[in-house]
Amino acid sequence: MMPGRITILAGAHVVHHDVVERRDICFADGAVVGAADDTAFRMDLSGHLIFPGLINAHDHLQLNGVPRLEHSAKFANSYEWIAAMTEHRRRPDVEDAVRVPLAERLWHGALKNALSGATTVAHHDPFDLSISDAEFPVRVPSDMGWAHSLGLGGADDQSPEPYGPDVRASFAATPAHRPWVIHLAEGTDERAASELGVLDALGALAANSVLVHGVGLTGGDVRLIVERGAAVVWCPSSNLSMFGATLDPRGLIAAGRLALGTDSTLTGSRGLLDELRIASACAELSGVEAVRLVTADGSRVLREARAGNLAVGSYADCVILPDAADPHAALVRARRSALRAVIRGGRPLVADPDFAPLFEACDVPATSIVLDGRPKLIASSMLRYGDRLPA
């Protein structure tokens, strides 16, 4: 697309936070803009819904192609699972998976997200330079602080082999206006239940603390988290698979302090749409509550003000679906093959074949694919590592 040229998505019902209204959305230079001119490309989307690009608040992008650890018994905490992974890593298929170059594994993890409408993804591992590639399928915040967990971050005398930054040092180095992310209370035993107290004693429970999983949090813990202005990322499919339990999200949802994440397919769901359905069923969420977890609340938790909304100045990211009487419920029910289009930075990533004029107007070469049995067009650049799509 020529610099400054505007794309108008016209006539759709736009879902912006809790409000649904029929209006045009205008994109230029990767952002939502408020006006069009005579050079604009206009696509009539009457009979459609436009949502902001979705936010996956927790993934490990490089792990999505690693075969799952099969287990019959549930683990008491994540450290037990990590110990079991020591043997799992010796399986030939696992060794083959982790021998794939890191840049390729990261790319396929990002593509998994894009196919499910997630255009912003929090990657909870070191930020590899390949993620900064202009064609990388999703937007990954590069300036979030992180530690893996108390156990792997040097803050626990029961620690297995360390991984990632030291808890104390990484928290101290993270600016207060940016999120600091850590796995916490990931389990159902006493050790998991004690972790919020340990984190607080370290001085690392603050307004920018983002605690992932939180299965072992008590009601009192949740009240303390809300009081401090901290937040939690909920990954129910991973929790249920590993522990047979997950947190009660109600208090955190009411406070706007909860976002949704997939974890990787090593333990979690294959994509954010699947996670949205699982979360909604777990807690009997309304459609509005569920959608906020992957838009407005995800934006607040990750402090990514330009993501998860369609206000002027926000990222030109959106997900397009057929119109429905209950728009929020339609997104919660949606499968990735049902998405009419996913757009990031004003450019289509994947869409139904009748969106070919949009690819052409945006100067995006497209390739025909079949996604879950349905024909699609995908930006050819997304197939950098071949036409194998995430399962």
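## Strand pairing exercises

Ala28 stands opposite Ala31 in β5. The model is predicted. Work through the strands from here.

**Exercise 1.** Find how many bridges join strand β4 to β5, and in which direction the two run.

*Solution.* 
- Step 1. Locate strand β4 at residues 25-28.
- Step 2. Start from a known pair: Ala28 faces Ala31 of β5.
- Step 3. Count the bridges between β4 and β5: there are three.
- Step 4. Read the direction: β4 and β5 run antiparallel.

**Exercise 2.** Give the strand order of the open sheet that holds four strands. Then explain why β5 and β6 each have a side without a neighbour in the sheet.

*Solution.* 
- Step 1. The order is β5-β4-β1-β6, and the pairing is mixed.
- Step 2. Look at the edges: β5 (31-33) and β6 (41-44) stand there.
- Step 3. Each edge strand has a single partner strand, so one side of each lacks a neighbour in the sheet.

**Exercise 3.** Is strand β15 mostly covered or mostly uncovered?

*Solution.* 
- Step 1. Strand β15 spans residues 318-322.
- Step 2. Buried means under 20% relative accessible area.
- Step 3. Four of the five residues in β15 are buried, and the strand is mostly covered.

Conventions
Residues are numbered from 1 along each chain as its sequence is written. This is a predicted model: local features need pLDDT of at least 70, side-chain atom pairs count only at pLDDT 80 or more; totals for chains, interfaces and linings use all residues. Side-chain values use heavy atoms; hydrogens and water are left out. Two strands pair if DSSP finds at least two bridges between them. Buried means under 20% relative accessible area, exposed over 50%, partly exposed in between (1.4 Å probe, protein chains only).
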